[in-house]
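Let's take a walk through this model together, from its core out to its loops. Keep the viewer open and follow along as we go.

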Amino acid sequence: MKEYHYTPICRESTRSTFFFFFNNISIPPIDYFAVGIEDHAQKKLISLISRLEWQIYFDKNQITKNDPLIQAKKLSQRNIIPFSEIDYIDSFGKEVMRQRSLHGMKNGLMLIHKQNHLDYMIVIATGLSKFNHYSFLAKYYTQLTRLKNDLSKIIEREINYTLRA
């Protein structure tokens, strides 16, 4: 059985568009964004992450198969998954979430849009320990829906370039 492989998006045009977008968004207390596409047929995951050190760690260690966020997405039919509702499953998953927290992502949400054999994922996070995702969703639902659509469009052009390569 082929394992999933993670690849960061390296095309400068996509990266610059993402970071321009990221630097012009203000949704307190969110200070971390990631956008990714998972291709089930190819067993590949590509993404752009707003914290370069986390992207390097994620790529270097190929933690895709042990990431509780990705596992939760695979096991759930939900389109919104809060960090606080994730089961770490094993010690590997617990360590991934510990590392994520050390990189300033203690709490957050993953927004998912499924289309054919592709899953678009938007992860937003904060370093705050006390993050109420219910009130956050109620307050920012419209902005989050736009954010999900906009970030998905930014990364969409990478499907043929990176995933099919």
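Which residues have the most contacts inside the largest nonpolar core? They are F33, I37, I124, F136, L144, L147 and L151, in a core of 27 residues. A nonpolar core here is a set of buried Ala, Val, Leu, Ile, Met, Phe, Trp, Tyr and Cys residues joined through side-chain atoms within 4.5 Å. Buried means under 20% relative accessible area, exposed means over 50%, and partly exposed lies in between, with a 1.4 Å probe and protein chains only. The elements that give two or more residues to this core are α1, β2 (32-39), β3 (44-49), β5 (107-115), β6 (118-126), α5 (133-156) and α6 (158-163). Helix α5 gives the most, with 8 residues. In soluble globular proteins, nonpolar side chains tend to be buried together.

Before going further, a word on conventions. This is a predicted model, in which local features need pLDDT of at least 70 and side-chain atom pairs count only at pLDDT 80 or more, while totals for chains, interfaces and linings use all residues. Residues are numbered from 1 along each chain as its sequence is written, and side-chain values use heavy atoms, with hydrogens and water left out.

Setting aside neighbours within four places in sequence, L151 is in contact (heavy atoms within 4.5 Å) with F18, F21, F33, V35 and I122.

Now step back to the whole chain. Its secondary structure comes to 6 helices and 6 strands, where helices (H or I, at least four residues) and strands (E, at least two) are DSSP runs numbered from the N terminus. Read from the N terminus, the elements run β-α-β-β-α-α-β-α-β-β-α-α. The radius of gyration is 15 Å, close to the 15 Å that the globule rule gives for 165 residues, so the chain is as compact as a globular protein of that length. That radius is taken over C-alpha atoms, and the rule is 2.2 Å times the number of residues to the power 0.38. Along its principal axes, the C-alpha trace spans about 40 × 35 × 30 Å.

Buried residues make up 50% of the 165 residues. Of the contacts between residues at least 6 apart in sequence, 70% join residues at least 24 apart. The accessible surface comes to about 8700 Å², and 53% of it belongs to carbon and sulfur atoms; these areas come from the Shrake-Rupley method with a 1.4 Å probe, and for residues only the protein chains shown count as cover. As for charge, the mean positions of the 23 positive and 16 negative charges are 2 Å apart. Lys and Arg count as positive and Asp and Glu as negative, with His and the chain ends not counted; each charge is placed at NZ of Lys, CZ of Arg, CG of Asp or CD of Glu.

Next, compare some individual residues. L109 is found in strand β5 and counts as buried, at 0% relative accessibility. Beyond four places in sequence, L109 touches I80, I81, P82, F83, I122, V123, I124, F131, H133, F136 and L137. In helix α1 (residues 12-23) you will find F19, which is partly exposed with a relative accessible area of 21%. Leaving out residues up to four places away, F19 touches I49 and S50.

The loops deserve a visit too. K65 lies between α2 (52-61) and α3 (68-75) and is partly exposed at 48% relative accessibility. The C-alpha atoms of K65 and G93 are 9.1 Å apart, although the two are 28 residues apart in sequence.

In the loop between β5 and β6 sit both N116 and H117. N116 counts as exposed at 75% relative accessibility, whereas H117 is partly exposed at 32%.

Finally, look at the backbone. Most residues other than glycine have a negative phi, and most peptide bonds are trans. N116 has a positive phi near 55 degrees, and K43, in the loop between β2 and β3, also has phi near 55 degrees. A cis peptide bond joins P28 and P29, with omega about 0 degrees, and P29 is in the loop between α1 and β2.
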